[in-house]
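The sequence and structure come first.

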Amino acid sequence: MNSAKTSAKNSAKNGRVNSRFRVTTATRASTIALALAIPIIVLLIAAPAFASRTLLQELFYVFTMLALAQLWNLLAGSAGLISVGQQAFVGVGAYALFAFTIVAGLDPIIAIVLSGVVAGLVAIPSALIVFRLRGAYFAIGTWVVAEVCRLILAQVKQLGGGTGTSLPPEIVNSIFGLDFVRNLFEVRGPAARDMIAYWLALVLAFATFALVYRLLRSRHGLALSAIGDSEAAAESSGVDVFRTKLFIYVAAAAVTGMIGALIFLQKARISPDAAFSLIDWNAYVIFIVVIGGIGTMEGPIIGVAIFYLLQFYLASLGSWYLIILGGLAILLMLFAPSGVWGVIAHRFDISLFPLRRRLVVGAKNAVKAEE
């Protein structure tokens, strides 16, 4: 009886000692950011009710670029996979959408999901090739994979060959929910399609952000952190480096394929050069991540905002626009390699989407417990 009381007393004492410490990732800034994000998301969901069609199209572009940037940031910033061939999965996803809708006759929304599956499947054999390469050779290898995909799909006559093709009107007008949206907002078919495309882009952007954040907070995120510090040390600690990188690479490819399918569903026309554009789907994405801050969740958000403003005000300059973007990226890499958000985070010690686990010592509670 006395031993039981002694054991209970010791357990209670240990509980009080352990209660002094807790592991958390949340910060005061992240709590405020979450509170502000909820009304912003609600406002974005309701935007088609009051926003113009032009604004919805602009937001569609912003959301898709943000999603692509988050995925590239996951690869390069967390997994150390510097790819310049992500346009491969944009193009594969886009062409898969056209194949599923034109040839198989599937609903475009279902085709978007299946296009992601196809892109993920294509990523598996390509990963087995490019993962044998390191550094700049890996980057060049991913670009070669993208070019091979472009050349192969340019030979498919059913999808337009080298000149491309357009979605037939009966397919474009068969999107699930189109009639409902058209009647609800009393708009014509093209405006209703833009609304549906906008909502799909919003869902994909939010889902991509949540997926990346969840991955980095999971055991895969811990494995990636270990790999980033030292692959040899991570492997000696029991981390399967190849399997972890393969999982991240295939997951990023699958979601990228879905985004590519949605982009070209909204365009309703595809060609090999447009679907596999190095500048549109890779160079711009890299610029967004580098400008915003590689390796952070906040970086792509800041980067896509800066990129959109620069594009809005400078796109009329023609080739000078690309020169200015390149020059700005070089200056930031020289004087602020952590990007705009990296400078802000370092200056104010702030993190809106924290990934690191922190040990919090509850000194006040500990004193009370001891008393």
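Both Phe 264 and Trp 281 are buried, where buried means under 20% relative accessible area, exposed means over 50%, and partly exposed lies in between (1.4 Å probe, protein chains only). The model is predicted, with local features needing pLDDT of at least 70 and side-chain atom pairs counting only at pLDDT 80 or more, while totals for chains, interfaces and linings use all residues. Residues are numbered from 1 along each chain as its sequence is written, and side-chain values use heavy atoms, with hydrogens and water left out.

**Aromatic pairs**

Rings of Phe, Tyr and Trp (its six-membered ring) pair if their centres lie within 6.5 Å; planes under 30 degrees apart are stacked, over 60 edge-to-face, and the rest tilted. By this rule there are 15 aromatic pairs. Two of them are set out here.

| Pair | Centre to centre | Angle between planes | Type |
|---|---|---|---|
| Phe 131 and Tyr 249 | 5.4 Å | 65° | edge-to-face |
| Phe 264 and Trp 281 | 6.1 Å | 70° | edge-to-face |

Helices (H or I, at least four residues) and strands (E, at least two) are DSSP runs, numbered from the N terminus. Phe 131 lies in the loop between α5 (108-130) and α6 (136-153), and Tyr 249 lies in helix α12 (residues 241-267), so this pair ties together parts that are 118 residues apart in sequence. Phe 131 has a relative accessible area of 9% and is buried; Tyr 249 is buried as well, at 2%. Ring pairs also join Phe 131 and Tyr 249 with Phe 89, Phe 138 and Phe 242 in a cluster.

In the other tabulated pair, Phe 264 belongs to helix α12 and Trp 281 to helix α14 (residues 278-292), so parts 17 residues apart in sequence are tied together.

**Charges over rings**

A charge sits over a ring if NZ of Lys or CZ of Arg is within 6 Å of the ring centre and within 35 degrees of the ring normal. The ring of Phe 264 has the charged end of Lys 267 over it, 6.0 Å from its centre. Arg 347 lies over the face of Phe 348, at 5.2 Å from the ring centre.

**Helix α3**

**The largest pocket**

On a 1 Å grid over the protein atoms alone, a pocket is an open set of points where a 1.4 Å probe fits, with protein on both sides within 12 Å along at least five of seven lines; lining residues have an atom within 4 Å of a point. The largest pocket has a volume of about 1100 Å³, volume being the space filled by probe spheres set on the points. It is lined by 35 residues, and the closest to its centre are Ala 37, Ile 41, Phe 209, Ile 301 and Phe 353. Elements giving two or more residues to this lining are α2 (28-46), α3, α9 (189-217) and α15 (299-314).

**Two residues**

Ile 41 is in helix α2 and is partly exposed, at 32% relative accessible area. Its C-alpha atom is separated by 9.2 Å from that of Phe 206, 165 residues away along the chain. Val 290 is in helix α14 and counts as buried at 19% relative accessibility.
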